[in-house]
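The points cover strand pairing, the nonpolar core and the aromatic side chains.

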Amino acid sequence: MAAAKKKPTITLSPSRDIPFNQLVLSQSNVRRIKSGVSVEELAEDIARRGILQGLTVRPVVDENGTETGMFEVPAGGRRFQALELLVKQKRLARTAPVPCVVREGGIAEEDSLAENVQRAPLHPLDQFRAFLTLREKGQSEDEVAAAFFVSVNVVKQRLKLASVSPVLLDVYAEDGMTLAQLEAFTVSGDHARQEQVFERLKTSYDKSAYAIRRMLTEGAVRATDKRAQFIGIEAYVEAGGSVLRDLFEGDDGGWLQDVALIDKMVNGKLSGESEAVAAEGWKWTEVAPDFAYGHTYGLRRLHGEPVPLTAEEEATRDAFKAEFDRLVSEHEGADELPDQVDERLGELETALDAFDERPLSFDAEEIARAGAFISIAGDGRLRVDRGYVRPEDDTPAEPENAPDGATGKGATVGDDADGDHNANSDAMAEPEEDEGLSPISDRLMTELTAHRTLGLRDALGDHPGVAFRAALHALTLKVFYQYGSDSCLELDLKTVSFGAQAPGLNDSVSAEAIRARHESWTKALPKDSADLWDTLRDWDSDSRAALFAHVVSLSVNAVYEAWNRRPRALAHADQVADAVDLDMSARWKPNVDTFLGRVTKARILQAVAEAKGQRAADRIAHLKKGDMATEATTLLNGTGWLPEPLRTPGRQTVADISPVELAVVETAEVADETAMADENGIADDDGVGVEAIMAAE
């Protein structure tokens, strides 16, 4: 039997220290493109720690094959360049010994290629944990950042990633989720919550980082919420509240977790503000973070006078205006303003607006019977609406004086002791002949004014401009003064109050625009209703038309009510919407609260199919109602989709796109999904396949 062949013994290349001035960079190094850490940063690291990995060198020989005493460096060129930089900076001696592995035989390019190809890069998770270990051993975040030439924020991010639940870190280590998804889980520091969301994610259609953040912040209040802005984030934290922050994405200040604390602080601050307002002498105050839209309907609004500027304030305003005009003049025609100029112009505009928005002063008698509403504006500022008079507190209008000698409406003349005479017939009876100048009887007065009324109707019909002003005068009285008796026109204007308050109605885009427009007209109109007719006469036609449009707009009622069938009125609302080209997609967004959480699953799927195609609808069809509504909110975001009651007839919406056009979009999305699957997926329970995130159109 033949003896077994002996395996050759491996002989490793010898290592030795070679003076730096005997080393030269080889042209056999395969690295040509710079990547990773710069030579300067590597040099600083060597200066701090010394060289951690020796160079691979080969002897340089002459034409006869004799070694020259020099060595070329085919592998480790960046380390050689870093050492060379330290020598040039006189931080390293030219003869300093450099640990080297001396190679003979083979191909120099193979040495360089093997050194880079066979090197396994550090898994990101190992880097996260290494940073955490350094932190635990006493190094600060600044020290770690300086040692590895990264920013402090990068160190904070790595430490945050290392603090995620060990269960999720194990999944990430096995490539069960992407780095972007792991980053999303850092929003919450609660490991149990992280693991709960991860389990939900396995059955969810949308596995994107956005969906993970949304699930982790459910029930929290965004820092941009008006309640959070009102109390202040710092005050909330000082009171013991916690804030979820995202170190990897813009989070607009994060999410406030303690909703009960927020409500307590909001109510406390509003109560304090209401006491200050009540001290002004108002009969009543109402306080709430938000009031229902239309809460002032039926109340009379007092017309206050702006508090006049002091001499010092006028001087300041004039100085700001002069500076503003100068800057505008100096940079007129410039394509782009310098940052400092642009910032200063913004500051001046804000300051000048503050002078225009002066607080109002009211008569003491008016304050004594009026009240104020204290709430929070959409941007988090305190909102105080002063000067509203309830009907029961209003001063009753004095009866108008009847013509000389007339008894007035409903008066009885000549009743005998038994009261048998008809009051109305007596009132209309003409007086007996008298030698003196007797007053005109009520009956004759009625007949004469009836003729005058017809004459006015005839004449007014020939003067459209005056008729328009008279109608505007009557309607403006109703809206701004509530004195309908000041007009001879029997016109009425009703403003609907919404019985069912939609979520966020009072802070909606439309509500804010109407409120601002109404306030501007309130300031422009005269305080006394008796002056309104002459004021409207002095205005130009454009101003009168704009006021007319605003007043008439307040009477629009396109609300569907089950108990009040008005098919023709709603059809007219469609015609008006078409005439003004109403686009509700800029004023309303579909989400769980406004629509998707309040309709059937079939309607949710229909909405998604109309906006994103049938494939998108099929992918969420298996979800439960709550999850389906949440996923649909993400899918519909930015599409402009509207439910049928909000669509304007004749105006194309995403729902009007043909199935053929949607099919083209779906085909493109499928290609995107295939390319993105490995990056955006989370492994399924059986480990087979990954669900891709649907790309946005």
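**Notes on the predicted model**

1. Strands β13 and β14 make up a hairpin in this predicted model. Five residues separate the two strands, and within that turn G380 has a positive phi of about 90 degrees. The strands, β13 at residues 371–376 and β14, are antiparallel and pair over six bridges. Within this pairing, G371 is placed opposite Y388 of β14.

2. How many bridges join β10 to β14? Strand β10 (residues 300–301) runs antiparallel to β14 (residues 382–389), and two bridges join them. R300 has V389 in β14 as its bridge partner, while R301 stands opposite Y388 in β14.

3. W284, F291, F373 and Y388 form one aromatic cluster. R390 lies over the face of W284, with a distance of 3.9 Å from the ring centre. A further arrangement of this kind involves R469, which lies over the face of W533 at 4.1 Å from the ring centre.

4. Which residues touch the most other members of the largest nonpolar core? This core has 23 residues, and those touching the most other members are F128, M177, L182, F185 and I212. At least two core residues come from each of the helices α4 (124–136), α6 (152–162), α7 (166–173), α8 (179–185), α9 (191–202) and α10 (209–216). Helix α10 gives the most, namely four residues. As general background, nonpolar side chains in soluble globular proteins tend to be buried together.

5. The surroundings of F185 can be described in detail. With neighbours within four places in sequence set aside, F185 is in contact with V164, L168, M177, Q194, V197, F198, L201, I212 and L216. Among these contacts, M177 and I212 are also named with F185 as core residues that touch the most other members.

6. The count of aromatic pairs in the model comes to twelve. One of them is the stacked pair of F20 and F80, with 5.2 Å centre to centre and 25 degrees between the planes. Because F20 lies in the loop between β1 (15–19) and β2 (23–25) and F80 lies in helix α2 (residues 77–88), the pair ties together parts that are 60 residues apart in sequence. Are the two residues buried or exposed? F20 is buried, with a relative accessible area of 5%, and F80 is buried, with a relative accessible area of 5%.

7. Y293 and Y297 form an edge-to-face aromatic pair, with 6.5 Å centre to centre and 90 degrees between the planes. Y293 is buried, with a relative accessible area of 15%, whereas Y297 is partly exposed, with a relative accessible area of 32%. The cut-off for buried is under 20% relative accessible area, so the value of 15% places Y293 in that class.

Definitions and conventions
Residues numbered from 1 in each chain as written. Predicted model: local features only at pLDDT ≥ 70, side-chain atom pairs only at ≥ 80, totals over all residues. Heavy atoms only, no water. Pairing = 2+ DSSP bridges. Core = buried A, V, L, I, M, F, W, Y, C linked by side-chain atoms within 4.5 Å. Buried < 20%, exposed > 50% of the residue type's maximum accessible area, 1.4 Å probe, protein only. Contact = heavy atoms within 4.5 Å. Phe/Tyr/Trp six-rings, centres within 6.5 Å; stacked < 30°, edge-to-face > 60°. Lys NZ or Arg CZ within 6 Å of the ring centre and 35° of its normal.
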